[in-house]
Every structure is written in structure tokens, then in C-alpha cells.
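This briefing walks through selected parts of one protein model. Keep the sequence and the 3D view open while reading.

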Amino acid sequence: MSFTKLTRRGLIQTGAVAGAGLALPTYLRAENHAGFTNAPTGSTVTLGFNVPQTGPYAEEGLDELRAQELAVEHLNGGGDGGMMNTFSSKALKGNGILGKKVEYVTGDTQTKSDAARASAKSMIEKDGAVMINGGSSSGVAVAVQDLCQSAGVIFMAGLTHANDTTGKDRKANGFRHFFNAYMSAAALAPVLKNAYGSERRAYHLTADYNWGWTQQESIAAATEAMGWETVENVLTPLASTDFSSYIAPVLNSGADVLVLNHYGGNMVNSLTNAVQFGLLDKQVNGKKFEIVVPLYSELMAAGAGANVQGVIGSMNWNWQLQDEGSKAFTKSFGEKYGRPPSNSAHTCYVQTLLYADAVERAGSFNPCAVVEALEGYEFDGLGNGPTLYRADDHQCFKDVLVMKGAENPTSEYDTLEIVEQTPRAQVEYAPDHPMFAGGDLGKCNPGA
């Protein structure tokens with residue numbers, strides 16, 4: 001039997017018929033199985049989980065770590081198997097990865113690029129990690145992805161939403177399951193137009209690093225295309241905790257919408273300050289003043305409490321989805337930790353399974369084998385419906401969720417409700433789209 005697979009190099013044939021009389025790719029030759037960084041030689045294999053355990057995104061990081069530990073448990077045959085039971089691929093058997101028990105080490109990114117690189121470097125060089133997963137900042141993701149490319153290990157990104165991660169800073173050894181700023185904007189714009197009309201004046205507060213920049217660029221472009229005017233864009237330091245001095249000028253700007261391009265603790269604090277200033281109670285330009293949070297998470301919505309009521313945003317995934325994969329993961333996570341998982345937890349869990357599955361399908365831990373197994377890979381059963389890992393840029397394409405702060409939540413875990421599951425086709429874009437231009441995947445680096 002033969003089948004085809006779409007890669008960034010075009011259609012190739014694989015399988016018995018296609019392979020007849022052809023030489024094996026270099027990475028599949030037996031003599032090269034040990035010719036890569038940290039090739040496992042014993043009965044175990046080590047993964048590196050690099051998450052913010054301190055700093056402004058620490059709550060997200062700790063939830064990522066919970067999911068990563070759960071993924072390892074499932075890979076090693078523990079628990080109920082979670083999404084391994086719903087995953088369209090059946091390569092994972094619960095006996096580790098290629099029969100090797102999965103172990104892991106952890107690092108603290110501190111939501112700082114230098115600290116994240118240092119912790120990833122230590123896990124690779126001292127602990128023998130063959131893959132690095134995690135993170136809740138795009139600045140961190142770009143830095144660690146670059147390190148992994150140089151070191152010859154695979155980087156399975158965690159929560160990183162900047163266009164740059166799979167745009168100008170894309171790398172052959174890096175893969176992103178999480179959606180990006182362009183996708184958020186493409187999903188949000190029609191919903192915002194329907195809810196608030198096409199004649200709006202928007203004031204942006206933007207986190208001053210690569211995620212904030214590309215988030216603001218994306219949402220401004222999408223809303224301006226439907227008729228909105230961008231009145232002002234003000235950059236705010238990531239370390240800010242009090243945004244009062246940034247909120248006050250909004251009152252006299254003539255804007256009738258405040259767009260908070262903030263995440264984590266920044267979003268909790270800036271939204272709280274905005275509500276304290278009474279913005280949501282004001283009428284401007286004959287319209288009710290509104291606030292938009294382009295990127296939501298369950299954890300920061302819970303932190304903001306009643307302030308999120310009615311505020312629209314987007315998410316990569318949410319535990320309230322009713323597909324079989326989402327229900328299986330939510331059940332496993334809830335039984336282990338007594339709470340539903342966040343979307344950052346989901347993406348790290350899925351990325352860990354996708355890496356393990358790619359190794360199993362390739363029959364090798366060689367990074368170049370993993371890259372080939374993931375490029376152009378289509379799968380289902382891991383939430384968000386049918387998903388493609390595009391070969392051109394190593395970006396996953398899947399449905400996107402538009403969310404709104406619930407008016408009557410029953411607990412801290414259902415403060416957001418799903419407004420729309422935006423179909424994948426609506427958020428797709430060409431690999432050479434201007435917002436993603438300037439990057440080059442380059443070639444896979446197997447390292448040693």
C-alpha cells in the first residue's frame with residue numbers, strides 16, 4: 001500500500017510501493033540513528049519542559065506543567081490515556097516512546113528570553129533533553145526556538161501567539177500548535193462588526209514586545225478593513241502592574257473602544273483599571289464604550305472576575321468544547337488536578353503527544369526524522385477539529401474560538417463562554433503573507 005504526504009518540498013510518496021528500489025533517507029539509515037544531539041542510548045528518554053514558574057505569566061506556566069506531567073503519565077501507560085484514545089493516529093501504545101520510558105526535567109523561563117535560553121540550554125546540555133516544550137511568551141518562544149535550532153533538538157512551542165514565531169523567526173526544528181495574532185484578528189473582526197458596528201474609534205494599549213506588536217498590527221488591520229479607525233496605540237512595559245496612567249488618556253481621546261493587547265497578569269490589571277475608571281459605563285460618540293481583549297485565557301479571565309463580563313476575545317481552545325478529544329482531556333486533567341485545563345495546558349499536552357507520535361511514526365528520535373513526520377501532517381481527535389501542521393512554516397491550522405465574558409458564571413472556571421467556533425478556512429493565509437514575511441525555515445539541524 002502507498003500513500004501521499006504533502007511536505008514543503010512537494011508531494012512525495014511513501015510506503016512499500018513508493019520505497020521499492022529506493023535508498024532510505026539519510027536519517028533512517030541505521031548507521032545514522034545515533035548521529036544527533038542527545039540520542040537516547042538506555043531505557044529512558046528525557047524531555048525538557050520550559051515554562052514560566054515565576055513572573056507575570058507564572059499561572060499559565062504552572063498549568064502547562066500540570067499538562068506536561070499528565071502527558072508523560074499517559075505516554076508511559078498511566079492514567080486513562082486521555083487524548084491518546086481519541087487521537088486519529090494510533091502509533092502511541094502507552095509504552096513510552098519507541099519503548100523507552102519517558103522522563104522529564106523542568107526549567108523556569110521567568111518570562112525572560114535570556115533566562116529561558118539558559119534553562120533550555122541546561123536541560124539540553126546537562127540533562128540530555130531531546131525535545132523542549134512549553135513557554136507562555138512569544139519573546140521566549142523565539143529565543144528558545146533559535147537555541148534549539150542551533151543545538152539540534154526539536155522545539156515544540158507552548159503558548160506563543162506572535163506572528164513572528166512561525167513568520168520571520170520560523171525555524172526548521174520548531175513547531176507551533178497554538179494559533180497566532182493574525183488568526184485571532186481574522187476570527188474576531190466579523191464578530192466585532194456584528195456586535196459593535198463598523199463605525200468605531202479604537203484606542204490600543206499594547207504590551208511592548210514581539211507578541212504585543214504583532215497582535216496590535218493584526219487586530220488593527222482587521223478592524224480598519226471593516227471600517228474602524230485606530231485613534232492611538234500606546235506601548236506598555238511587560239513589567240507594568242498598574243495601568244492607571246495609561247487608561248486616563250483614553251477618556252479624552254475620542255475613542256469608543258479600548259483594545260487591550262495584553263496577556264496574563266498584564267491583562268488582569270489593565271482591564272481592572274479600565275473598569276475602575278468607569279469606561280464600560282460611558283457613552284462616547286453616541287455609542288456604549290466597549291473593551292476588547294484579543295487573546296483570552298481561562299486563568300486570566302478568572303483573575304479579572306466580573307470585569308470580563310461581556311468582553312469579547314479569542315482563544316486557541318477551551319475546555320467547554322464537546323468534541324471527544326476535548327472531553328477526554330478535560331476529564332483526565334480534572335480527575336488529576338481537580339480543575340479544568342487552560343488552553344495553554346491543552347497546547348503543551350497536545351504538543352508532547354504530537355512529538356511522541358512523530359517519533360513513533362518515524363521510528364527514530366533523530367530531529368530530522370521528526371521534522372519530516374510532522375511536516376504536512378494532518379490529524380484529528382486532539383480538539384479544534386481536523387488540523388494541519390503546514391510544511392511551509394510549521395504552523396498548525398485549525399478552528400479558532402471567539403469568546404465572551406459570561407454574564408452569569410457558576411464558578412471561576414466558566415467565566416468565559418464560546419460565542420463562535422470559527423472554521424479553519426476563515427483564518428488561513430498564504431505562507432508569504434506580508435505579516436509573516438522575511439523568514440526562512442532553513443534546514444533541519446540534527447546536531448551532533
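In this predicted model, His 204 contacts Gln 216, Ile 219, Ala 220, Thr 230, Glu 232, Asn 233, Val 234, Val 259 and Asn 261, leaving aside neighbours within four places in sequence. His 204 is part of strand 8, which covers residues 201-207.

**His 204**

- His 204 counts as buried because its relative accessibility is 0%, and the limit for buried is under 20%.
- Asn 233, one of the contacts of His 204, is 29 residues away from His 204 in sequence, yet the two C-alpha atoms are 4.5 Å apart in space.

- Strands of a sheet pair through backbone hydrogen bonds, and the pairing can be parallel or antiparallel.
- For strand 8 and strand 9 the sense is parallel, with seven bridges between them.
- Which residue of strand 9 is the bridge partner of Tyr 203? The partner is Glu 232, a residue that His 204 also contacts.

**Helix 5 against helix 6**

- Two packed helices are described by the angle between their axes and by the distance between those axes.
- Here the axes of helix 5 (residues 181-196) and helix 6 (residues 210-225) come within 8 Å and cross at roughly 35°.
- Is the crossing of helix 5 and helix 6 left-handed or right-handed? This crossing is right-handed.
- From helix 5, the residues in the contact are Ala 181, Tyr 182, Ser 184, Ala 185, Leu 188, Ala 189 and Leu 192.
- Helix 6 contributes Thr 214, Gln 215, Ser 218, Ile 219, Ala 222 and Thr 223.
- Sorted by class, this contact has eight nonpolar residues, five polar residues and no charged residues.
- Ala 222, in helix 6, touches Ala 185 and Ala 189 when residues up to four places away in sequence are not counted.
- Ala 222 is buried because its relative accessible area is 18%, with the limit set at under 20%.
- Pro 52 lies 170 residues from Ala 222 along the chain, and their C-alpha atoms are separated by 31 Å.

- Another open sheet has five strands in the order 4-3-5-6-7, and its pairing is parallel.
- Its edge strands are strand 4 and strand 7 (174-175), and each pairs on one side only.
- Strand 3 (residues 44-51) is joined to strand 5 (residues 131-134) by three bridges, and Phe 49 has Asn 133 in strand 5 as its bridge partner.
- How many bridges join strand 3 to strand 4? There are eight, and the two strands run parallel.
- Thr 46 stands opposite Glu 103 in strand 4.
- Strand 3 is mostly covered, with seven of its eight residues buried.
- Helix 4 (residues 138-151) lies across strand 3, strand 5, strand 6 (154-157) and strand 7, and runs at about 160° to strand 6.
- Helix 12 (residues 367-374) also packs on the sheet, where it touches strand 6 and strand 7. The direction of helix 12 makes about 40° with that of strand 6.

**A loop residue, Gly 79**

- Gly 79 sits in the loop between helix 2 (58-75) and strand 4 (101-108).
- Gly 79 counts as exposed because its relative accessibility is 59%, and exposed begins at over 50%.
- Apart from residues up to four places away in sequence, Gly 79 touches Glu 73 and His 74.

**Record annotation**

- An unreviewed UniProt entry places the feature "domain: Leucine-binding protein" at residues 44-404.
- That span, residues 44-404, is 40% helix and 20% strand, and its end C-alpha atoms lie 44 Å apart.

Definitions and conventions: Residues are numbered from 1 along each chain as its sequence is written. This is a predicted model: local features need pLDDT of at least 70, side-chain atom pairs count only at pLDDT 80 or more; totals for chains, interfaces and linings use all residues. Side-chain values use heavy atoms; hydrogens and water are left out. Axes are lines fitted to C-alpha atoms, for helices over the stretch in contact, and angles run from 0 to 180 degrees between N-to-C directions. Helices (H or I, at least four residues) and strands (E, at least two) are DSSP runs, numbered from the N terminus. A crossing is left-handed if the near helix is turned anticlockwise from the far one by less than a right angle, and right-handed if clockwise. Contact means heavy atoms within 4.5 Å. Ala, Val, Leu, Ile, Met, Phe, Trp, Tyr, Cys and Pro count as nonpolar, Asp, Glu, Lys and Arg as charged, and the others, Gly among them, as polar. UniProt positions are given in the numbering used here, feature names are shortened, and annotations may be inferred rather than shown by experiment. Buried means under 20% relative accessible area, exposed over 50%, partly exposed in between (1.4 Å probe, protein chains only). Two strands pair if DSSP finds at least two bridges between them.
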